[in-house]
Amino acid sequence: MIYLELLFTFFTIGLFTFGGGYAMLPLIQEKVLSHGWMEMEELTNFVAISESTPGPFAINIATYVGAETAGPLGSVCATLGVVLPSFIIILIVARFYIRFKSSKAVSGVMFGLRATVVGLMASALWGMLGTVFFRSIPLAWSFLLHPEFLCSAVIFIAAVIAALKKVNPIIIIVCSAAAGIVCGLVFL
Amino acid sequence: MSLRERLRKVWQLFLIFLKIGGFTFGGGYAMIPLIEYETAERRHLVEKEEISDIVAIAESTPGPIAINSATFIGYRTAGVPGSVAATLGVVLPSFCIILVIAYFLRRIMDYPVVQYAFFGIRAGVLALIVKAVISFWKRADHHVFGWCVMVLSFLWAAFTDWSVILLIALCGLAGFVYCLVREKGGKTP
């Protein structure tokens with residue numbers, strides 16, 4: 001049943017997400033894309049929507065995927081699924097958190113997880129780079145002159161500079177949208 | 001604590017976290033200053049010194065930081081009902097907003113202008129992820145073990161179709177064993 005499947009899938013995603021936010025992207029790519037609930041391009045679009053709306057990314061994506069696949073009840077199931085693991089684990093931890101805090105086992109595991117999260121996020125970025133830049137373009141040297149590639153590259157480089165200069169993400173998204181419309185109307 | 005007082009606390013928690021959920025963009029770390037202000041400085045539900053502990057616990061347990069800290073503060077303030085109220089509060093704004101967006105997005109996606117806008121947005125969003133990777137890289141521990149785990153995780157997730165969950169479990173185990181071995185060697189990580 002789709003509702004149980006959503007609940008269970010997002011439960012797994014919630015249970016194995018550390019560090020929050022984009023650290024969960026590779027897991028979402030694996031679980032959500034393989035179910036056919038979303039495509040890579042849609043996921044990239046959604047990252048932008050999540051950045052421009054309040055609230056945690058995990059909740060936003062669970063609600064969206066749930067709504068798209070099975071309507072409002074689906075989004076309730078997916079959101080409940082992604083929240084439950086945190087909720088249960090924190091209730092347990094809150095009872096003896098002094099011991100948890102000074103636990104050598106926890107700090108050891110976290111030591112490994114902090115490193116893997118960087119690699120995981122880099123791999124999510126890698127997958128998205130592929131879909132954004134080489135979406136409909138044959139892989140040949142001539143793609144470098146393709147207007148779609150050039151437009152994406154210019155917007156991407158400008159946005160990276162802006163992001164590193166700590167420009168507000170929403171402003172970056174709005175400007176990218178405007179640039180996309182201009183490029184689309186002029187070149188595509 | 002009387003029942004009446006307790007209900008008042010639960011309702012207060014719900015409202016505080018509703019506000020936090022509705023007014024923070026970018027999630028997770030962006031919420032921490034607001035959580036600190038609302039729960040410690042303004043209402044004294046938790047001590048200011050406790051906030052860094054709460055963040056540390058939220059980071060070392062699975063799930064989004066916002067949910068973890070809401071559940072934790074809710075529980076510490078008013079038990080299980082408090083944790084339910086705080087978590088519901090932090091989730092509700094996102095949930096409602098995205099539900100509305102999901103309804104409209106499909107309908108406007110057919111317009112070429114919207115498609116062009118998202119064409120630009122997709123390129124811009126990558127930059128935000130680049131920035132997130134850089135900031136996680138800065139916060140990670142820098143030594144040979146960490147670098148090996150980062151590179152291997154990247155290769156595993158990007159170029160194989162092996163399970164990401166297995167990878168996460170293995171890396172947690174590797175970190176645990178590594179710290180154990182180092183400690184036996186007389187050093188603390």
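**Entry 1: terms and ground rules**

Helices here are DSSP runs of H or I with at least four residues, strands are E runs of at least two, and both are numbered from the N terminus. With that in hand I looked up chain A, which has eight helices and zero strands. I note that this is a predicted model, in which local features need pLDDT of at least 70, side-chain atom pairs count only at pLDDT 80 or more, and totals for chains, interfaces and linings use all residues. Residues are numbered from 1 along each chain as its sequence is written, while chains are lettered from A and ligands numbered from 1 in the order in which they are written.

I checked the scores next. The model has ipTM 0.84 and pTM 0.84. For chain B the mean pLDDT (the predictor's confidence in each residue, from 0 to 100) is 86, and 95% of the residues reach 70 or more.

**Entry 2: chain A as a whole**

How many of the 188 residues of chain A count as buried? I found 53%. A residue is buried if 20 or more other C-beta atoms lie within 10 Å of its own, exposed if 12 or fewer, and partly exposed in between, with C-beta atoms placed from the backbone.

Then I turned to contacts, meaning two residues whose C-beta atoms, placed from the backbone, lie within 7 Å. Of the contacts in chain A with a separation of 6 or more, 60% come from residues 24 or more positions apart.

**Entry 3: the domains of chain A**

Domain bounds come from an automatic or database domain assignment. For chain A they give domain 1 (2–133) and domain 2 (138–188). The C-alpha centres of these two domains lie 27 Å apart. Five residues of domain 1 of chain A are in contact with five residues of domain 2 of chain A. On the domain 1 side, H3 and H6 of chain A each supply at least two of the touching residues. I sorted that side by class and got three nonpolar, one polar and one charged residues. For the classes, Ala, Val, Leu, Ile, Met, Phe, Trp, Tyr, Cys and Pro count as nonpolar, Asp, Glu, Lys and Arg as charged, and the others, Gly among them, as polar.

**Entry 4: helix H2 of chain A**

I zoomed in on H2(A), residues 25–35. Its buried residues include A:Leu25, A:Ile28 and A:Val32, and A:Lys31 is among them too. What do the buried residues of H2(A) pack against? I found H1, H3, H4 and H6 of chain A, together with H6 and H7 of chain B. After H2(A) comes A:Gly36, with a positive phi near 75 degrees.

**Entry 5: chain B as a whole**

Chain B has seven helices and zero strands. Its radius of gyration is 21 Å, well over the 16 Å that the globule rule gives for 189 residues, so chain B is more spread out than a compact globule. That radius is taken over C-alpha atoms, and the rule is 2.2 Å times the number of residues to the power 0.38. The C-alpha trace of chain B spans about 60 × 55 × 25 Å along its principal axes. Buried residues make up 46% of chain B.

The domain assignment of chain B gives domain 1 (3–98), domain 2 (109–139) and domain 3 (140–184). The C-alpha centres of domain 1 and domain 3 of chain B are 31 Å apart.

**Entry 6: where the chains meet**

I counted 83 residues of chain B in contact with 91 residues of chain A. On the chain B side, H5(B) gives the largest share, 22 residues. That side divides into 57 nonpolar, 20 polar and six charged residues.

**Entry 7: one loop residue**

Last, I looked at B:Leu45, in the loop between H2 and H3 of chain B. Why does B:Leu45 count as buried? It counts as buried because it has 20 C-beta neighbours inside 10 Å. Leaving aside neighbours within four places in sequence, B:Leu45 is in contact with B:Thr39, B:Ile73 and B:Thr77. The C-alpha atoms of B:Leu45 and B:Gly74, 29 residues apart along the chain, are separated by 9.1 Å.
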